[in-house]
Amino acid sequence: MLKNKTALVTGSTSGIGLGIAKALARQGANIVLNGFGDAEGPQAEIRALGVNVAYHGADMSQASEIEAMMAFAAERFGQVDILVNNAGIQHVSRIENFPTERWDAIIAINLTSAFHTTRLALPAMRAANWGRIINVASVHGLVASAEKSAYVAAKHGIVGLTKVTALENATTGVTCNAICPGWVLTPLVQKQVDAKAAALGVSNEDAKKALLGEKEPSMQFTTPDELGELAVFFCSAAANNVRGVAWNMDGGWVAQ
Ligand code: NAD
């Protein structure tokens, strides 16, 4: 379905981003990976799916590095047809104790980076009259939790950016939508499981149950593969007129 298309997924060396990159690659899209840590393993996983893959290690908190990454992708593959804004970090603390440097980093990586990639990707998408921009927001783009001020602010912000991007391109073949996962067991969430296990003095398994029990009625983690299939749907012809939605996949979290 996505043969001859190129997808750039930010923060795709692990977790949800890698799951989405693999799902798009299974549909034939060439992939530009981004993120920190091991890039060789993820590149090999994508290549094994029979598509071309490239990697750029831009730091999503730096506008100049994002510009270099977008130029690199255009040079390697002609243009970015599918942009997935996924890179994100978390910090958990009450507002009065929240380190200002963490606030700035979360807003830069989880929100402002998507403004930069979007503004740089749009001209070629509009010229081709086809494009897909998928923002990985969170249930925290729809509802809040205590001690996550920067994250909730950034995620509500990216849901707003999603709607504006959708509206500004509504008469074209370029769509923009957001995915809002509940708990997904990635390194980002494992840190929160570890903190809960330490705070309650319980095992890893019991800490996971406690985390799910607080918010997620299904008592199940959503998987990166499931989120990848939602991204594939947004890229399909059936989703041509799906514009500006914030689609939660959250085991019932925000239905409560
Ligand atoms: P993760 O920690 O597994 O992956 C984050 C990715 O972002 C990694 O590839 C990391 O290298 C990259 N990254 C971090 N800082 C970066 C930077 N400055 N520049 C470039 N890349 C950077 O986390 P994840 O859980 O897969 O999170 C992915 C996205 O999904 C985030 O936006 C997160 O907020 C969102 N999300 C996660 C959950 C969850 O439960 N895990 C729920 C809702 C939303």
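1. Start with Lys5, which lies over the face of Trp130, 4.1 Å from the ring centre. A charge counts as sitting over a ring if NZ of Lys or CZ of Arg is within 6 Å of the ring centre and within 35 degrees of the ring normal. Arg76 also makes the list: its charged end sits over the ring of Phe77, at 5.9 Å from the centre.

2. A word on what you're looking at. This is a predicted model, where local features need pLDDT of at least 70 and side-chain atom pairs count only at pLDDT 80 or more, while totals for chains, interfaces and linings use all residues. Residues are numbered from 1 along each chain as its sequence is written, and side-chain values use heavy atoms, with hydrogens and water left out.

3. On to the aromatics: the whole structure has 5 aromatic pairs. To pair, rings of Phe, Tyr and Trp (its six-membered ring) need centres within 6.5 Å; planes under 30 degrees apart are called stacked, over 60 edge-to-face, and the rest tilted. One of the pairs is Trp183 with Trp253, tilted, with 5.4 Å between centres and 50° between planes. Trp183 sits in the loop between strand S6 (174–181) and helix H6 (187–200), and Trp253 in the segment after strand S7 (246–249), so this pair ties together parts 70 residues apart in sequence. Helices (H or I, at least four residues) and strands (E, at least two) are DSSP runs, numbered from the N terminus. Trp183 and Trp253 are both buried; that means under 20% relative accessible area, with exposed being over 50% and partly exposed in between (1.4 Å probe, protein chains only).

4. Phe234 is buried at 1% relative accessible area, whereas Trp247, at 37%, is partly exposed.

5. Finally, the cysteines. How many disulfides does the structure hold? The count is 0, taking a disulfide as a pair of cysteine sulfur atoms within 2.5 Å. For Cys176, the nearest cysteine sulfur is that of Cys180, 11 Å away. The sulfur of Cys235 has its closest cysteine sulfur in Cys176, at 12 Å, which is too far for a bond. Cys176 is buried, with 1% relative accessible area, and Cys235 is buried at 3%.
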